[in-house]
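Dear colleague,

Please find below the structure that I am handing over to you. My notes on what was found in it follow.

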2 protein chains.
Amino acid sequence: MFPVWHQQPSDRSNSLSLDLFLFSAFFLDQDQFENLDKHSQWGIDFLERYAKFVKERLEIEQTYAKQLRSLVKKYCPKRSKDDEPRFTSCLSFYSILNELNDYSGQREVVAEEMGHKVYGELMRYSQDLKAERKHHLQEGRKTQQYLDQCWKHMDNSKKKFERECKEAEKSQLIYERLDNDINATKSEVEKAKSQLYLRQHMAEESKNEYAAQLQNFNSEQWKHFNVAIPQIFKNLQDMDERRTVKLGEMYRSFAEVERRVIPIISKCLEGMVTAAKNVDEHRDSGIVVESFKSGFEPPGDFPFEDFSQNIQRTGSDGAIGTPKTEGGKADPKHAVGRTKNKLWLFGKKPKVNNTPVPWLVPCRAL
Amino acid sequence: MFPVWHQQPSDRSNSLSLDLFLFSAFFLDQDQFENLDKHSQWGIDFLERYAKFVKERLEIEQTYAKQLRSLVKKYCPKRSKDDEPRFTSCLSFYSILNELNDYSGQREVVAEEMGHKVYGELMRYSQDLKAERKHHLQEGRKTQQYLDQCWKHMDNSKKKFERECKEAEKSQLIYERLDNDINATKSEVEKAKSQLYLRQHMAEESKNEYAAQLQNFNSEQWKHFNVAIPQIFKNLQDMDERRTVKLGEMYRSFAEVERRVIPIISKCLEGMVTAAKNVDEHRDSGIVVESFKSGFEPPGDFPFEDFSQNIQRTGSDGAIGTPKTEGGKADPKHAVGRTKNKLWLFGKKPKVNNTPVPWLVPCRAL
């Protein structure tokens, strides 16, 4: 994760070898690069993590939409509408299924847009970001390597200068010894003197070389810390800020994708409420009436079948007289006119609007 | 399904036995009951089918909410907030997760309310409806059975009447034969006459019984078709209308449950947009600055290390003189004062608001 990196300034009053000090300076530089290396990588990882989150979110949305679609399909009427009764309770249910279908269409839109406008965009951006980061870090390394090289040249020339000075000192001691030696030959003294001049010359040359290298290094070091590195850090900062801006935009897009469908979702739900209000129990009763009504009347009274017609009156008390109910022959028409009450199964013909329709209608004329 | 039931009136001008006619009358009645039996069962089935639809709908919603909750949990920060960097891009993402959590809470509310206010209500209502339907159909059957019984009694008495009349006719013939037979004894004639009177009397009795039964039956039949059956049909109609009304209410409830959460869902999405707007790239750069800043300055110029100090001047041409760069002893403090440019890694101390903060700040005083 993210180390909160603080360093305490070390105590400079102690003697430090320049080499050690140099190392720590480069160490600092290296550390900073490492920090920014890590931070910029973290930035990309975070962006990709957010992209993954969006991907999982849209997959949840897709599943949701798919399940809703299946549900609608399962409950939709299978047969042609002509076979179906026209009950308002049925028609309203099918309207509701229609609205639910549109509703799931909107959820699909949300999933699609999350896919293109957020996830797709983030993944594309992430690739660009990786390439840019790689480029900046490479620039940093190149700069560092160049400075290292300058330092190496400078250090080599310094070491050479040191060696040459030592040689010159040695030559000096040899010459002085011979110069003060009464037993030494002039030839020996002259040789020693030549050698000394040579060594002093070589020391001088290497001093100049070292001086030049040092000047060059110091100049390059100044440019490194004051121009090159700040520029690279600035580039990394710009890149990081753009990443942050992008994240903010993508967060917004993610929410807007869903906000945009809310009015349409509301319309779907309103449609369902309208369908619910269209359920009309009286109308549906009327349909039952229409479906079931018949032309039949209720049977009239059964007539009396007088089997005693053939029995002769013999004048006895037990006269077979008129039965206590109405007589008359058996009537196949079965007393159509007898009962005034023609009410059968259904009431009045159903009107088009909300008048209550009882399940009793006058029979049709035979 | 639903047969559209039409019957053509049959031709009554043909002679039909009363029995056949009677059967068809009861057949009609039976048919109507069967239709209403089927229709009311269909009504209950339709209601339960809608309830099943609601159940499946709410299960989809539960799954959706659960998946969203899991998603939030997966991406929530695991460690304590103190370990986390305070980048606005991170904080905003966590705000968004919070809003998504509330969002899934709302979807859970939708599922719960669908469960209680719609599905639970429908299943409870369905039980009541089944009981009520059973009761009405039983009433119908009882009424029918009662009428059947009356008819049976009437028919039995009619058959008895017919039998008695036949017996009376037989007796009549026997008597007339004996009366006209010169060889018959008076005793035989008297016996036959007594038998005749007896039979006539019995026929008369059974005629009266039949007449009474017929009257009763006709009266009960009238009541059956004009009072009892219409009442039962009315009860079934009321029940069916109430069912339809209930369905309409449940359709509405189903939609309202979801409509109610829309404002809260909108608030969640607005919260996400607000979080998105709070992403501040400059602030985040400031945090990078704060995290990484060090007290170190860039190293100053490296001093010239003059190894030629110990070399004596001998008056030669190759005099080791002052090098072409600045001299001076090695300074452990490494020329703090040398470079005026104190810029290191970070710029000015970041302000609290939106002023652009470059990743370069003045070093802290050593």
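In which helix do B:Glu270 and B:Lys267 both lie, and how many residues apart are they? The two residues belong to helix H4 of chain B and are three residues apart, which amounts to about one turn of the helix. Please bear in mind throughout that this is a predicted model. The side chains of B:Glu270 and B:Lys267 form a salt bridge, with an N to O distance of 4.0 Å. B:Lys267 is exposed, because its relative accessible area of 57% is over 50%. B:Glu270, at 37% relative accessibility, counts as partly exposed.

Salt bridges

Over all chains, the structure contains 62 salt bridges.

B:Glu220 and B:Lys223 are joined by a salt bridge in which the closest N and O atoms are 3.1 Å apart. Both residues are in helix H3 of chain B; being three residues apart there, they are separated by about one helical turn. B:Glu220 is buried, with a relative accessible area of 13%, whereas B:Lys223 is partly exposed, with a value of 38%.

The other pair is B:Arg57 with B:Glu258, whose closest N and O atoms are 3.4 Å apart.

In chain A, salt bridges that share partners join A:Arg57, A:Glu61, A:Arg107 and A:Glu258 into one network.

Helix packing between the chains

Helix H4 (residues 262-277) of chain A packs with helix H4 (residues 262-277) of chain B at an angle of about 170°, and their axes are 12 Å apart. Because this angle is over 145 degrees, H4(A) is roughly antiparallel to H4(B). On the H4(A) side the contact is made by A:Ile262, A:Ile265, A:Ser266 and A:Leu269, and on the H4(B) side by B:Ile262, B:Ile265, B:Ser266 and B:Leu269. Sorted by class, the contact of H4(A) with H4(B) comprises six nonpolar and two polar residues, with no charged residues.

Nonpolar cores

In soluble globular proteins, nonpolar side chains tend to be buried together. The largest nonpolar core has 112 residues, and the members that touch the most others are A:Tyr50, A:Phe53, B:Tyr50 and B:Phe53. Neighbours within four places in sequence aside, A:Tyr50 is in contact with A:Val118, A:Leu122, A:Leu247, A:Met250, A:Tyr251, A:Phe254 and B:Phe93. A second, separate core has 16 residues, including A:Phe161, A:Ala211, A:Phe225 and B:Phe304.

Chain A as a whole

The secondary structure of chain A consists of five helices and two strands. Read from the N terminus, its elements follow the order α-α-α-α-α-β-β. Of the 366 residues in chain A, 50% are buried. Where contacts in chain A join residues at least 6 apart in sequence, 83% of them are between residues at least 24 apart.

B:Asp284 is located in helix H5 (residues 281-292) of chain B. With 1% relative accessibility, B:Asp284 counts as buried. Residues up to four places away in sequence not counted, B:Asp284 touches A:Thr244, B:Phe87, B:Thr88 and B:Ser89. The C-alpha atoms of B:Asp284 and B:Phe225 are separated by 89 Å, while the two residues are 59 residues apart along the chain.

B:Met123 lies in helix H2 (residues 88-179) of chain B. The relative accessible area of B:Met123 is 27%, so the residue is partly exposed. Apart from neighbours within four places in sequence, B:Met123 is in contact with B:Glu48 and B:Ala51. B:Met123 and B:Asn235 are 112 residues apart along the chain, and their C-alpha atoms are separated by 21 Å.

With kind regards

Definitions and conventions: Residues numbered from 1 in each chain as written. Chains lettered and ligands numbered in written order. Predicted model: local features only at pLDDT ≥ 70, side-chain atom pairs only at ≥ 80, totals over all residues. Heavy atoms only, no water. Axes fitted to C-alpha atoms, helices over the stretch in contact; angles between N-to-C directions. Helix = DSSP H or I, 4+ residues; strand = E, 2+ residues; numbered from the N terminus. Parallel < 35°, antiparallel > 145°, perpendicular 65-115°, else oblique. Contact = heavy atoms within 4.5 Å. Nonpolar A, V, L, I, M, F, W, Y, C, P; charged D, E, K, R; others polar. Buried < 20%, exposed > 50% of the residue type's maximum accessible area, 1.4 Å probe, protein only. Core = buried A, V, L, I, M, F, W, Y, C linked by side-chain atoms within 4.5 Å.
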